[in-house]
Structure formats: structure tokens, C-alpha cells
Amino acid sequence: MKYVLLVIILILNSSCKNQELKFNSEKWISDKIGHNNHRIKMTKNLIESKLLIGKNLESAIELLGEEYGYLDSNLKNKIAFTIKESYGFDIDPKFTQFLVVEFNEDTKEILNVKSTRSVDRRSFIEKILTE
């Protein structure tokens, strides 16, 4: 019985690891709202490598895809790409994580890239069953 429990714990532990991936534009774009978890696994590499810093906004959109939005209608120098969106058992998102790209409004040069997330309102069961 001890061994069965140990095997189950090891399997759960290895399946829960958020393995990082090197940024890949094709995988990023194909993972629309993060259901395959490619985006979440590439985010750290994308930010730490500073791949987008200094590029113009059009280049970033080519790499990350056309699906983005403004975080705030008053802030015209920040756009957000969805990294992960989870609905749990609801029709409205209960958790969202974004990649925020800040740029110079005049030159369109990218100044900063960061990740931000909403409060996670999913229950423990929803987190397990809907990932």
C-alpha cells in the first residue's frame, strides 16, 4: 500500500511541474488562450531573454500574434496578450494571465515586457480537473 501511495505522489508531482520552454512563435500563436499550456511555459524565457525589448511593436505582433488588447482604454502604450485563461466550471473566466508589452507611443519601440495575472477564483477541484 505504501508503494502505491508513493507512486501516485511521484506521478502527481511530475505532472504538476511547470516545465519551461524556449520561446517559439508558432507554438505561442497556435495556443490561443493557453489551453495547451505552451504560452505559460514560454513566458519566463520570453521575458528573461529580453527578446522583444528594443524591437518595434509590429515585430512583436508578428511574433506573438494579432490577438491582443489594451489593458486600459486610457493607456495607449500597453497591450496585453493572453497567456492563460481558465473558466473552471463557469462560462466566465475565473483566472487570466497576460503578457503586457509596454512601448513608446511615438516610436513604437518596446520598452518593457512583464507578466500579470488576475486573482485565481478557481476551486482546488477546478484547478485539477480543468487544466
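At 38% relative accessibility, Lys 108 counts as partly exposed, a label used for values between buried (under 20% relative accessible area) and exposed (over 50%), worked out with a 1.4 Å probe on protein chains only. Lys 108 sits in the loop between β3 and β4, and its phi is positive, about 65°, although the residue is not a glycine.

A word on the ground rules. The model is predicted, so local features need pLDDT of at least 70 and side-chain atom pairs count only at pLDDT 80 or more, while totals for chains, interfaces and linings use all residues. Residues are numbered from 1 along each chain as its sequence is written, and side-chain values use heavy atoms, with hydrogens and water left out.

Now for the overall layout. The protein chain holds five helices and four strands, these being DSSP runs numbered from the N terminus (H or I of at least four residues for helices, E of at least two for strands). Read from the N terminus, the order is α-α-α-α-β-β-β-β-α. Of the 131 residues, 30% count as buried. The chain exposes about 8800 Å², with carbon and sulfur atoms supplying 54% of that area, as computed by the Shrake-Rupley method with a 1.4 Å probe. Among contacts (heavy atoms within 4.5 Å) between residues at least 6 apart in sequence, 48% join residues at least 24 apart.

The four strands make an open sheet in the order β1-β2-β3-β4, with antiparallel pairing; two strands pair if DSSP finds at least two bridges between them. β1 (69-70) and β4 stand at the edges with a single partner strand each, so one side of each has no neighbour in the sheet. Two bridges join β1 to β2, and Gly 69 stands opposite Ala 80 in β2. Further along, β2 (residues 78-86) and β3 pair over eight bridges, with Val 101 of β3 as the bridge partner of Ile 79. β3 then pairs with β4 (residues 110-117) over seven bridges, and here Leu 99 stands opposite Ser 115 in β4. Seven of the nine residues of β3 (residues 95-103) are buried, so this strand is largely enclosed by the rest of the structure.

α3 lies across β2, β3 and β4 and runs at about 145° to β2. α4 also packs on the sheet, touching β2, β3 and β4, but its direction makes about 15° with that of β2. For these angles, axes are lines fitted to C-alpha atoms, for helices over the stretch in contact, and the values run from 0 to 180 degrees between N-to-C directions.

Leaving aside residues up to four places away in sequence, Trp 28 touches Met 42, Leu 46, Leu 64, Phe 81 and Leu 99, among others.

Leu 21, in the loop between α1 (2-16) and α2 (25-30), is partly exposed at 27% relative accessible area. Beyond residues up to four places away in sequence, Leu 21 touches His 38, Lys 41, Met 42 and Asn 45. Lys 50, in the loop between α3 and α4, is exposed at 56% and has a positive phi near 55°.

Arg 122 lies in the loop between β4 and α5 (124-129) and is buried, with a relative accessible area of 11%. Its side chain makes polar contacts with the side chains of Ser 86 (3.2 Å) and Asp 120 (2.7 Å). A polar contact is a pair of N or O atoms within 3.5 Å; within protein, one must be able to donate a hydrogen and the other to accept it, and residues adjacent in sequence count only if both atoms are side-chain atoms.
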